[in-house]
Amino acid sequence: MDAHSSSFSSFSAYLRALSLIPSRLSRRAFSVSTSFDEMTSTRYTSGVHMQRTLRWFDLVGFGLGGMIGAGVFVTTGPATQEAGPAIVLSYAIAGLCALLSAFCYTEFAVDMPVAGGAFSYLRVTFGEFAAFLTGANLIMDYVMSNAAVARSFTQYLGAAIGISSAKWKLLIPGLPKGFDQIDLVAVAVVLIITIIICYSTKQSSVLNMTLTAIHILFIAFVIVFGFCKGDWKNFSEPGDPKDESGFFPHGAAGVFKGASLVYLSYIGYDAVSTMAEEVRNPAKDIPIGVSGSVVLVTVLYCLMAASMIKLLPYDMIQAEAPFAAAFARWKWVSNVIGGGASFGILTSLLVAMMGQARYMCVIGRSRVVPAWFAEVHPKTSTPLNASAFLGVFTAAIALFADLDVLLNFVCIGTLFVFYMVANAVIYRRYVVIGSTNPRPTLSFLCSFSLTAIIFTLIWHFVTPGKAKTALLSITAIVAITISLIFHCVTPQAWKPQHWGVPLMPWIPCASIFLNIFLLGSLDGTSYIRFVFFSILTMLIYVLYSVHSSSDAEEDGSLRVKNGEIPELENSLKV
């Protein structure tokens with residue numbers, strides 16, 4: 001096949017490309033990029049560069065805005081039904097897990113400040129296919145979670161103005177349950193925010209900071225009012241005597257199931273990492289912006305969940321608008337909460353939709369999706385094509401898909417991506433491509449993950465008793481022993497220049513373990529959807545992506561041209 005011909009130039013050319021699938025997969029699937037390539041030749045694909053205008057306080061603002069709106073106002077209701085009053089602990093566990101993952105993201109983002117987030121991190125460690133599988137899950141996570149948040153906006157806006165949101169939805173008979181309510185308000189909100197993020201990153205930051213400041217005032221009001229007016233007995237007594245009582249009405253399993261659901265709340269820090277390419281001083285601003293926002297949000301989540309439980313027993317809390325229900329006794333307060341939640345949801349949508357566009361932009365740079373997505377508009381310095389396409393896609397999902405349908409799909413994808421990034425940061429520290437034997441590190445990662453899976457299976461399927469406690473203890477000791485042996489025997493092959501995850505490999509290992517454990521708390525339907533989407537992603541890779549990236553490799557599109565590197569290096573200087 002001609003090195004400069006496209007696999008998609010004609011039907012016969014595509015048939016010839018299909019015959020090359022084995023050789024192209026062997027060459028491209030595990031091909032890794034480098035940090036330098038990601039910041040130079042790959043970034044050059046977008047043409048115009050994104051402007052470096054953001055500081056640490058912008059990132060903290062984006063983190064607060066992105067996480068608070070989605071977390072408290074969308075996932076708290078379903079998670080409380082699982083965890084009961086212990087929803088407070090669910091948020092604390094999910095926050096710890098998110099902070100550990102945030103450390104892993106920060107090391108990559110500081111060393112490689114590009115907009116690709118987890119996609120770029122996996123591409124420089126485990127290769128193109130792992131990166132594409134992760135990137136596809138991330139894009140779907142963002143689209144689904146943004147659609148869920150947009151539909152939740154309708155609920156809270158109705159509470160703010162005292163009108164039932166059901167009056168704004170059109171019921172379509174004949175469609176499956178969960179897909180039969182058309183929400184035009186959610187569609188309008190998504191499209192308006194799409195226009196805003198296409199205009200300017202810095203102006204989007206100013207708008208986010210303004211909305212977030214207003215939202216923080218509402219949060220402070222919720223916390224103070226709840227603690228002043230609520231009753232501590234709600235932490236141990238249900239509203240209906242027939243329901244389970246106590247702080248752990250559904251046991252530890254309910255707490256971890258709740259933690260797996262509210263973990264969606266923390267996807268906002270992942271969106272912050274995609275803005276690394278637009279940060280003035282990555283080494284200083286990114287660690288403060290990412291980790292700082294996770295810590296602040298975790299504290300606020302726990303306080304808000306506690307105030308909600310004080311006001312209303314767990315079994316009386318609604319799934320879709322829990323805080324509006326908790327404050328329903330005070331009509332004016334319920335309206336205020338609805339208004340405050342609406343502001344929070346707008347900020348979370350703004351940040352997450354910026355993040356999904358930047359992911360798609362960088363995935364387009366690698367040519368595994370059309371390069372059209374990688375283009376940065378010369379006037380706005382934003383990924384206009386990716387922003388517009390994903391905005392319309394999100395609006396289409398928000399039009400008909402119900403909240404519960406969306407949340408179950410998103411949680412498993414988010415946990416999978418965070419699990420992959422934690423593995424990647426260990427691999428990158430201990431393996432230098434071409435000069436280090438990767439087998440010891442890969443063996444450790446596989447054996448540690450297997451141990452975590454066994455622990456999770458024992459936790460969920462073995463009958464409680466002394467035997468279960470013994471098995472869990474033995475499995476935990478095995479996991480610690482494996483990590484200790486690896487730490488003592490295998491030297492680090494590379495250390496970051498500016499900022500690195502402390503206590504390597506213990507913190508990433510803890511992140512891997514917690515992510516696997518939370519994955520085990522999800523229901524079987526979530527896994528069926530995840531497997532189905534992963535198979536679909538593999539088919540897309542085999543039938544399109546591997547051929548597109550092979551074409552780009554053969555015609556030199558993935559390599560920077562002579563004379564362009566100095567210009568790119570200057571653009572990357574802080």
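## Helix 2 and its two faces

In this predicted model, the face of helix 2 that points away from its buried side bears two exposed residues, Pro 22 and Ser 26. Helix 2 spans residues 21–28, and its buried residues are Ile 21, Arg 24 and Arg 28. These three cover an arc of only 70° around the axis, which places them on the same side of helix 2.

## Overall composition

The protein chain contains 22 helices and two strands. Of its 574 residues, 59% count as buried. Among contacts in the protein chain with a separation of 6 or more, 84% are made by residues 24 or more positions apart.

## Packing of helix 9 against helix 15

Two packed helices are described by the angle between their axes and by the distance between those axes. For helix 9 (residues 184–199) and helix 15 (residues 331–365), the axes come within 10 Å and cross at roughly 55°.

On the side of helix 9, the contact is formed by Val 189, Val 190, Ile 193, Thr 194, Ile 196 and Ile 197. Helix 15 contributes Leu 346, Leu 349, Leu 350, Met 353 and Met 354. By class, the residues of this contact comprise ten nonpolar, one polar and no charged.

## Gly 340 in helix 15

Helix 15 also holds Gly 340, which counts as buried at 2% relative accessibility. When neighbours within four places in sequence are left aside, Gly 340 is in contact with His 215 and Phe 218.

## Asn 423 in helix 17

Asn 423 belongs to helix 17, which covers residues 403–430. Its relative accessibility is 5%, so Asn 423 counts as buried, the cut-off being under 20%. Apart from neighbours within four places in sequence, Asn 423 is in contact with Phe 126, Leu 445, Ser 449 and Ile 512.

## Backbone features in the loops

Arg 367 lies in the loop between helix 15 and helix 16 (384–400). Its phi is near 75°, a positive value in a residue other than glycine. With a relative accessible area of 17%, Arg 367 is buried.

The loop between helix 19 and helix 20 contains Leu 503, another residue that is not a glycine and has a positive phi, here about 55°. Leu 503 is exposed, with a relative accessible area of 62%. The loop between helix 19 (466–489) and helix 20 (506–519) also includes Pro 505. Met 504 and Pro 505 are joined by a cis peptide bond, for which omega is about 5°.

Methods:
Residues numbered from 1 in each chain as written. Predicted model: local features only at pLDDT ≥ 70, side-chain atom pairs only at ≥ 80, totals over all residues. Heavy atoms only, no water. Axes fitted to C-alpha atoms, helices over the stretch in contact; angles between N-to-C directions. Helix = DSSP H or I, 4+ residues; strand = E, 2+ residues; numbered from the N terminus. Contact = heavy atoms within 4.5 Å. Nonpolar A, V, L, I, M, F, W, Y, C, P; charged D, E, K, R; others polar. Buried < 20%, exposed > 50% of the residue type's maximum accessible area, 1.4 Å probe, protein only. Arc of directions from axis to C-beta.
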